[in-house]
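Morning, everyone. I have one structure to walk you through today. Please have a look at it before I start.

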Amino acid sequence: MNGTAARIVGPVAWAVPGLIVIQAAMVAQTLYGSGSLIAVHGSTGNLTFLLAVVVLALAWRARRSGPALLLAFTTVLLLFAQTGLGYLGHRNGLTLASSVHVTLGVLVMGVSAAAAMRIASER
Ligand code: HEM
């Protein structure tokens, strides 16, 4: 299991920033294209959060370093807040939540990419 975790943790970690880019594209399509993809965006958000939890578990199992685990843990925390702000903004019409949500999306993109880079580069 240790070997499996070490083999798959890098690609799984890179899937998180990959999904975030896809989520930004869905919002762009919703705002400037035809038809709303916001429900799919929300479901993909839940999937992204779950994947970040899996990445943290795999990174711990694969004995990644403290900084790598810290970045993976920070990604989980930020995505938890991101999902909550997304629902607050969209379902309760709280515009402040939506505005923080978009900004936090950019921040969590950077943190998750840094986590993936660190996790994938360690052996
Ligand atoms: C740069 C990336 C992102 C942008 C620009 C963005 C933007 C948005 C916007 C504009 C909304 C609708 C808000 C409103 O109508 O007031 C929304 C909703 C939402 N977002 Fe994001 N988002 C991003 C990334 C994410 C991520 C990474 C997650 C979670 C991991 C997420 C989860 C959600 C959820 C759960 C909703 C509510 C969907 C619903 O009510 O069905 N978003 N997002």
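Let's start with the ligand. The largest share of the shell around it comes from α3, with eight residues. Keep in mind that this is a predicted model.

Which residues come nearest to the ligand? There are 25 residues around the ligand, and the nearest are Gly 42, Gly 45, Gly 86, Ser 98 and Gly 105. Which elements give two or more residues to that shell? They are α1, α2, α3 and α4, and α4 covers residues 95–121. Now sort the shell by residue class. Eleven of its residues are nonpolar, 13 are polar and one is charged.

Let me step back to the whole chain. The protein chain has four helices and zero strands. Along the sequence, that reads α-α-α-α. The C-alpha atoms fill a box of roughly 45 × 25 × 20 Å along the principal axes. Of the 123 residues, 28% are buried.

Next, packing. Two packed helices are described by an angle between their axes and a distance between the axes. Take α1, residues 2–32, against α2. Their angle is about 160°, and their axes are 8 Å apart. Why do we call this pair roughly antiparallel? The cut-off is 145 degrees, and an angle over 145 counts as roughly antiparallel. Therefore α1 is roughly antiparallel to α2. What is the hand of the crossing of α1 and α2? It is left-handed. As for the contact of α1 with α2, it has 21 nonpolar residues, seven polar and one charged.

Now α1 against α4. These helices pack at an angle of about 160°, with axes 8 Å apart. That makes α1 roughly antiparallel to α4. Here too, α1 passes α4 in a left-handed crossing.

Now for some single residues. First, Gly 3. You will find Gly 3 in helix α1. Is Gly 3 buried or exposed? Gly 3 has 8 C-beta neighbours inside 10 Å, and the limit for exposed is 12 or fewer. So Gly 3 counts as exposed. How far is Gly 3 from Arg 61? In sequence they are 58 residues apart, and in space they are 9.1 Å apart, C-alpha to C-alpha.

Next, Met 117. This residue sits in helix α4. Met 117 has 16 other C-beta atoms within 10 Å, so it is partly exposed. Met 117 and Arg 61 are 56 residues apart in sequence. In space, C-alpha to C-alpha, Met 117 and Arg 61 are 17 Å apart.

Last stop, Arg 63. Where does Arg 63 lie? Look in the loop between α2, residues 38–61, and α3, residues 66–92. Most residues other than glycine have a negative phi. Arg 63 is not a glycine, yet its phi is positive, at about 55°. And its surroundings? Arg 63 is partly exposed, with 13 other C-beta atoms within 10 Å.

To close, go back to the picture. Find the four helices. Then find α3, which gives the largest share of the shell around the ligand. Thanks, everyone.

Definitions and conventions:
Residues numbered from 1 in each chain as written. Predicted model: local features only at pLDDT ≥ 70, side-chain atom pairs only at ≥ 80, totals over all residues. Buried ≥ 20, exposed ≤ 12 C-beta atoms within 10 Å, placed from the backbone. Axes fitted to C-alpha atoms, helices over the stretch in contact; angles between N-to-C directions. Parallel < 35°, antiparallel > 145°, perpendicular 65-115°, else oblique. Left-handed = near helix turned anticlockwise from the far one by under 90°. Nonpolar A, V, L, I, M, F, W, Y, C, P; charged D, E, K, R; others polar. Near = placed C-beta within 6 Å.
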